[in-house]
Amino acid sequence: MLDFHPEVARALKEKKAVVALETTILTHGLPYPSNLETARVMEEAIRREGAVPATIGVLAGTIKVGFSHAELEQLAQTKAEKLQAHTIPWAVAVGASGGTTVSATLRIAYQAGIRVLATGGIGGVHRQVEETFDISTDLITLSRTPILLVSAGAKAVLDLPRTLELLETLSVLVLGFQTSEFPAFYTHTSGLKVTAIQTAGEVARIMSATWQELCSNSGILLANPPPQDKELAPLYVEELIQRAVLAAEKTGVKGRQLTPFLLSFLEKASGGKTVETNIALAESNARLAAQVARAYLVQTTS
Ligand code: PSU
Ligand code: MN
């Protein structure tokens with residue numbers, strides 16, 4: 001059912017390091033043309049580290065593992081759905097196009113034999129969850145899919161303490177890359193503690209201990225702080241987020257529309273500053289994911 005780009009098919013066959021990329025960041029997370037630029041920058045970062053990018057998404061009902069430039073452009077331009085793991089079959093059946101969220105991408109990547117995925121920031125428990133019960137299916141899917149996800153912590157628009165608590169309950173190991181603080185997407189600080197890990201090699205060792213030695217099917221979250229020179233001031237971001245959450249409440253935005261609404265509000269309210277940080281952290285996550293994919297290859301073939 002999967003349509004592999006020849007470069008990705010070859011890389012998997014030759015057992016090269018491959019990193020999966022999600023496409024909701026392209027279809028719903030960033031404005032055009034920053035979205036297309038981000039997708040390309042992430043792919044390039046992976047190539048520079050000697051790995052092969054496998055951008056995943058759905059084009060007219062076909063599940064793509066690896067996109068050509070023209071196909072990426074097509075996905076960025078068309079009216080695309082926001083697909084989660086459980087809505088992929090619907091898109092396939094009706095011939096819809098869609099960006100795959102982390103949850104959908106985890107599912108497809110695993111099916112394709114890929115063990116590392118990079119995103120900007122994973123979804124999680126939304127603020128005001130008491131009223132809305134809005135919890136991203138990213139968390140549940142990660143807990144059931146043996147893939148390592150590189151993410152700049154979780155998106156700051158979320159309730160981060162509850163997101164971290166739920167990951168704990170779901171038995172997802174959360175590692176901080178060269179940090180013991182869970183990053184808050186636009187900043188490296190959140191006040192929340194995680195287990196620090198120093199090298200890609202150690203991450204790879206944990207992956208094989210989890211999946212091969214303990215036969216666990218749990219995913220792992222590798223939290224990578226945003227690049228220092230692109231971080232935003234914590235108080236500045238928090239003020240914008242509170243305004244964004246209030247605006248969402250007032251306009252009645254909820255469900256799948258909520259995250260895209262909040263991100264776009266932040267972009268406008270910050271004069272594009274949040275997009276700049278988002279692109280920088282996405283690139284940095286892609287780079288780290290490629291380093292981990294290479295280390296995991298060494299780990300599993302030695
Ligand atoms: N990272 C970004 N921008 C994004 C996303 C991640 O920098 O837009 C997307 C991912 O695809 C993630 C989704 O799975 O946001 C979460 O959506 P929700 O909260 O509705 O589950
Ligand atoms: Mn949701």
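## Helix α11 against helix α12

α11 passes α12 in a right-handed crossing. Helices (H or I, at least four residues) and strands (E, at least two) are DSSP runs, numbered from the N terminus. This is a predicted model, in which local features need pLDDT of at least 70, side-chain atom pairs count only at pLDDT 80 or more, and totals for chains, interfaces and linings use all residues. Residues are numbered from 1 along each chain as its sequence is written, chains are lettered from A and ligands numbered from 1 in the order in which they are written, and side-chain values use heavy atoms, with hydrogens and water left out.

α11 and helix α12 (residues 258-269) pack with their axes 9 Å apart, at an angle of about 130 degrees. Axes are lines fitted to C-alpha atoms, for helices over the stretch in contact, and angles run from 0 to 180 degrees between N-to-C directions. That makes α11 oblique to α12. Oblique is what remains once angles under 35 degrees are called roughly parallel, over 145 roughly antiparallel and 65 to 115 roughly perpendicular.

## Residues of the helix contact

From α11, the contact is made by Tyr236, Leu240, Ile241, Arg243, Ala244, Val245, Ala247, Ala248 and Thr251. From α12 come Leu258, Phe261, Leu262, Phe265, Leu266 and Ala269. Contact means heavy atoms within 4.5 Å.

The residues of this contact of α11 with α12 divide into 13 nonpolar, one polar and one charged.

A salt bridge is a side-chain nitrogen of Lys or Arg within 4 Å of a carboxyl oxygen of Asp or Glu. Both Glu239 and Arg243 lie in helix α11, four residues apart, about one turn of the helix. Glu239 is partly exposed at 41% relative accessibility. Arg243 is partly exposed at 39%. Buried means under 20% relative accessible area, exposed over 50%, and partly exposed in between (1.4 Å probe, protein chains only).

A second bridge reaches α11 from a loop. The side chains of Arg127 and Glu238 meet at 3.0 Å, N to O. Arg127 lies in the loop between β7 (116-118) and α7 (129-132), and Glu238 in helix α11 (residues 234-251), so the pair ties together parts that are 111 residues apart in sequence. Arg127 is partly exposed at 22% relative accessibility, and Glu238 is partly exposed at 28%.

## Other salt bridges

Arg162 and Glu130 join their side chains in a salt bridge (3.3 Å, N to O). Arg162 lies in helix α9 (residues 160-169) and Glu130 in helix α7, so this pair ties together parts that are 32 residues apart in sequence. Arg162 is partly exposed, with 36% relative accessibility. Glu130 counts as exposed, at 55%.

Elsewhere, Asp3, Lys64 and Glu71 are linked in a network of salt bridges. The count comes to 12 salt bridges.

Leu166 touches Val125, Ile135 and Leu139, not counting residues up to four places away in sequence. Leu166 and Ile135 are 31 residues apart in sequence, and their C-alpha atoms are 9.6 Å apart.

Thr119 sits in the loop between β7 and α7. Thr119 is buried, with a relative accessible area of 1%. Leaving aside neighbours within four places in sequence, Thr119 is in contact with Glu22, Met42, Val102, Leu149, Val150, Ser151 and Asn285.

## Backbone exceptions

Most residues other than glycine have a negative phi, and most peptide bonds are trans. The peptide bond from Tyr32 to Pro33 is cis, with omega near 0 degrees. Pro33 is in the loop between α2 (24-29) and α3 (34-48).

Phe133, not a glycine, has a positive phi of about 60 degrees. Phe133 is in the loop between α7 and α8 (137-144) and counts as exposed at 70% relative accessibility. Phe185 also has a positive phi, near 65 degrees. Phe185 lies in the loop between β9 (173-177) and β10 (195-197). Phe185 is buried, with a relative accessible area of 1%.

Terms used:
Left-handed = near helix turned anticlockwise from the far one by under 90°. Nonpolar A, V, L, I, M, F, W, Y, C, P; charged D, E, K, R; others polar.
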